[in-house]
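This report describes a protein model together with its ligands and the space that holds them. Please look at the sequence and the structure before reading on.

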Amino acid sequence: MPAAEHSSLATDNGIPRHIAIIMDGNGRWAEQKRMPRAFGHQAGVKTVRKVVEHCGNLGVEVLTLFAFSSENWRRPKDEVSLLMSLFIETLQREIDTLDKNGIRLLFIGDRTAFPSALQAKMQSGELQTQNNTALTLVIAANYGGHWDMCQAMQQITDKTAAGVLAPQPITPQLIEAHLSTAGLPDPDLFIRTGGEERVSNFMLWQLAYTELYFTPALWPDFDDKAMDDAILSFKSRQRRFGHTGEQILNKTITLTT
Ligand code: IPE
Ligand code: IPE
Ligand code: MG
């Protein structure tokens with residue numbers, strides 16, 4: 001029997017390879033301070049900077065941040081345009097710093113719905129940082145788990161119809177190869193701030209065996225200590241992937257997701 005293989009799921013010191021975060025609670029944070037929701041979103045950007053830096057220092061390989069969901073278009077027009085401008089400004093301001101720190105930037109989600117200037121910025125940010133190897137920062141923007149699965153199926157049917165792909169059984173591997181996260185490990189740790197305990201259409205396929213962590217902390221208040229607490233909780237879990245606890249302890253199986 002092969003020995004248990006943990007290396008694909010966490011780094012040697014138990015730090016998750018991939019952390020995916022639903023950054024929730026900006027609006028409530030501002031409302032508690034009797035400030036407009038925009039103030040909360042601005043504070044949320046500061047938290048993003050700190051979290052990216054902290055994850056880089058911890059040796060996390062991939063950090064995925066849910067910035068705008070495919071359902072967030074339902075918000076009042078003013079809030080949507082505020083979020084768009086904040087997105088453009090932040091990208092413009094931070095890209096060189098990210099690059100200098102060896103961070104590779106990727107975007108997942110349907111970017112065709114964004115203003116063309118923003119789409120261009122997203123693409124140039126990805127190109128500028130494509131060879132960086134320190135941390136992969138994935139920004140989920142106009143992302144939805146349903147969208148991701150639909151676009152994967154669409155690619156498979158289109159390629160098959162065009163004769164690029166031979167007709168074949170649909171397998172998890174075939175689907176994964178066409179998801180927006182193709183080539184990235186699945187998240188090991190999912191964090192949602194803001195107290196809601198739901199997934200809100202985030203990475204539905206990829207979260208199959210992810211450890212879930214919910215905290216009442218509102219996103220602008222989520223600091224290094226809060227991240228360390230989430231990782232501590234992750235380290236205390238026994239991931240079984242369908243095996244028994246004994247199999248895991250005896251290291252008689254190879255763990256794969
Ligand atoms: C998360 O904070 C940010 C986005 C969805 C863009 P919210 O804006 O959802 O904050 P709450 O949940 O209303 O407090
Ligand atoms: C999820 O938060 C989306 C992002 C954080 C970008 P929401 O605030 O939109 O989620 P719901 O509507 O409360 O489920
Ligand atoms: Mg919310």
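## Terms and basis

In this report Ala, Val, Leu, Ile, Met, Phe, Trp, Tyr, Cys and Pro count as nonpolar, Asp, Glu, Lys and Arg as charged, and the others, Gly among them, as polar. The model is predicted, with local features needing pLDDT of at least 70 and side-chain atom pairs counting only at pLDDT 80 or more, while totals for chains, interfaces and linings use all residues. Residues are numbered from 1 along each chain as its sequence is written, chains are lettered from A and ligands numbered from 1 in the order in which they are written, and side-chain values use heavy atoms, leaving out hydrogens and water.

## The largest pocket

A pocket is found on a 1 Å grid over the protein atoms alone, as an open set of points where a 1.4 Å probe fits, with protein on both sides within 12 Å along at least five of seven lines; lining residues have an atom within 4 Å of a point. The largest pocket has a volume of about 1200 Å³, where volume is the space filled by probe spheres set on the points, which are joined across faces, edges and corners. Its lining has 26 nonpolar, 13 polar and nine charged residues. Of the 48 lining residues, Met 23, Gly 44, Val 48, Leu 65 and Ala 67 lie nearest the centre.

Helices (H or I, at least four residues) and strands (E, at least two) are DSSP runs, numbered from the N terminus. Which helix supplies the largest share of the lining of the largest pocket? Helix 2 does, with 11 residues. Among the other elements that each supply at least two lining residues are strand 3 (103-108) and strand 4 (135-143).

## Ligand 1

Ligand 1 sits in the largest pocket, meaning that more than half of its atoms lie within 2 Å of the pocket's grid points. Helix 1 gives the largest share, three residues. A residue is near a molecule if one of its heavy atoms lies within 4 Å of it. There are 13 residues around ligand 1, and Met 23, Asp 24, Arg 28, Arg 37 and Arg 75 come nearest. By class, this shell has three nonpolar, five polar and five charged residues.

A polar contact is a pair of N or O atoms within 3.5 Å. Oxygen atoms of ligand 1 make such contacts with polar backbone atoms of Gly 25 at 3.4 Å, Asn 26 at 3.2 Å and Gly 27 at 3.0 Å. On its own ligand 1 exposes 380 Å², of which the protein buries 87%; accessible areas come from the Shrake-Rupley method with a 1.4 Å probe.

## Ligand 2

The largest pocket is also the space taken by ligand 2. Strand 2 gives the most to the shell around ligand 2, with four residues. The shell has five nonpolar, three polar and four charged residues, including Ile 22, Phe 66 and Arg 192.

Here the polar contacts involve side chains. Polar side-chain atoms of Asp 24 and Arg 75 each lie 3.2 Å from an oxygen atom of ligand 2, and for Ser 200 the distance is 2.6 Å. The protein covers 78% of the 390 Å² of accessible area that ligand 2 has on its own.

How values were computed. Polar contact = N/O pair within 3.5 Å; in protein donor to acceptor, adjacent residues only side chain to side chain.
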